[in-house]
Amino acid sequence: ERNALLTHTQRLHVQLDELESSLQQAQTAQAASEAEAREQRAVTEQQRQLALMHQTMVWGHESELDALHTAHESAATQLQVARKTLKEQEETIAALERENEEERRRHQK
């Protein structure tokens with residue numbers, strides 16, 4: 001009976017060693033998994049930051065394009081007004097030249 005008890009105790013020690021080994025492997029795997037998860041979160045955060053920077057740059061370019069478009073429209077309007085004013089001035093000059101020519105003819109007679 002003593003031998004049976006001794007054998008049973010030895011088996012329990014072997015099982016305990018196996019359980020401790022399994023526990024250590026599980027803890028090592030868990031630590032590796034947690035490290036991988038932290039790394040993945042860091043990569044995800046970095047990708048999020050890059051996406052945010054990219055979007056900010058896109059918004060900046062869109063804003064610049066809008067400003068350029070507005071400036072172009074304004075310049076086109078100013079050019080149109082300047083052309084109209086020039087045409088009116090040319091017409092006024094031509095009318096004054098005609099009047100001067102008529103006035104000169106009258107004085108020559």
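Visitor: What makes the meeting of the side chains of Arg106 and Glu103 a salt bridge?
Guide: A salt bridge needs a side-chain nitrogen of Lys or Arg within 4 Å of a carboxyl oxygen of Asp or Glu. For Arg106 and Glu103 the N to O distance is 3.1 Å, so the pair meets the definition. Both residues lie in helix α1, three residues apart, about one turn of the helix. Salt bridges that share partners also join Glu101, Arg104 and Arg105 into one network.

Visitor: What kind of model is this, and what are the ground rules?
Guide: It is a predicted model, in which local features need pLDDT of at least 70 and side-chain atom pairs count only at pLDDT 80 or more, while totals for chains, interfaces and linings use all residues. Residues are numbered from 1 along each chain as its sequence is written, and side-chain values use heavy atoms, with hydrogens and water left out.

Visitor: Why is Arg106 called exposed?
Guide: Buried means under 20% relative accessible area, exposed means over 50%, and partly exposed is in between, using a 1.4 Å probe and protein chains only. Arg106 has 53% relative accessibility, so it counts as exposed. Glu103, with a relative accessible area of 36%, is partly exposed.

Visitor: How do you know that Glu102 forms a salt bridge with Arg106?
Guide: The closest N and O atoms of Glu102 and Arg106 are 3.8 Å apart, so this pair also qualifies. Glu102 and Arg106 are four residues apart in helix α1, about one turn of the helix. At 42% relative accessibility, Glu102 counts as partly exposed.

Visitor: What makes Arg48 a salt-bridge partner of Glu45?
Guide: Their closest N and O atoms are 2.9 Å apart, and therefore they pass the distance test. Arg48 and Glu45 both lie in helix α1, three residues apart. Arg48 has a relative accessible area of 45% and is partly exposed; Glu45, at 35%, counts as partly exposed too. A search of the whole structure finds five salt bridges.

Visitor: How many helices and strands does the protein chain have?
Guide: The protein chain has one helix and zero strands. These are DSSP runs numbered from the N terminus: helices are H or I with at least four residues, strands E with at least two. Helix α1 covers 2–108, and Glu1 lies in the segment before it.

Visitor: Why is the protein chain called more spread out than a compact globule?
Guide: The radius of gyration, taken over C-alpha atoms, is set against a globule rule of 2.2 Å times the number of residues to the power 0.38. For 109 residues that rule gives 13 Å, whereas the protein chain has 46 Å, so it is more spread out than a compact globule. Along its principal axes the C-alpha trace spans about 160 × 10 × 5 Å.

Visitor: What share of the protein chain counts as buried?
Guide: Of its 109 residues, 0% count as buried.

Visitor: Why does Glu1 count as exposed?
Guide: Its relative accessibility is 89%, so Glu1 counts as exposed.
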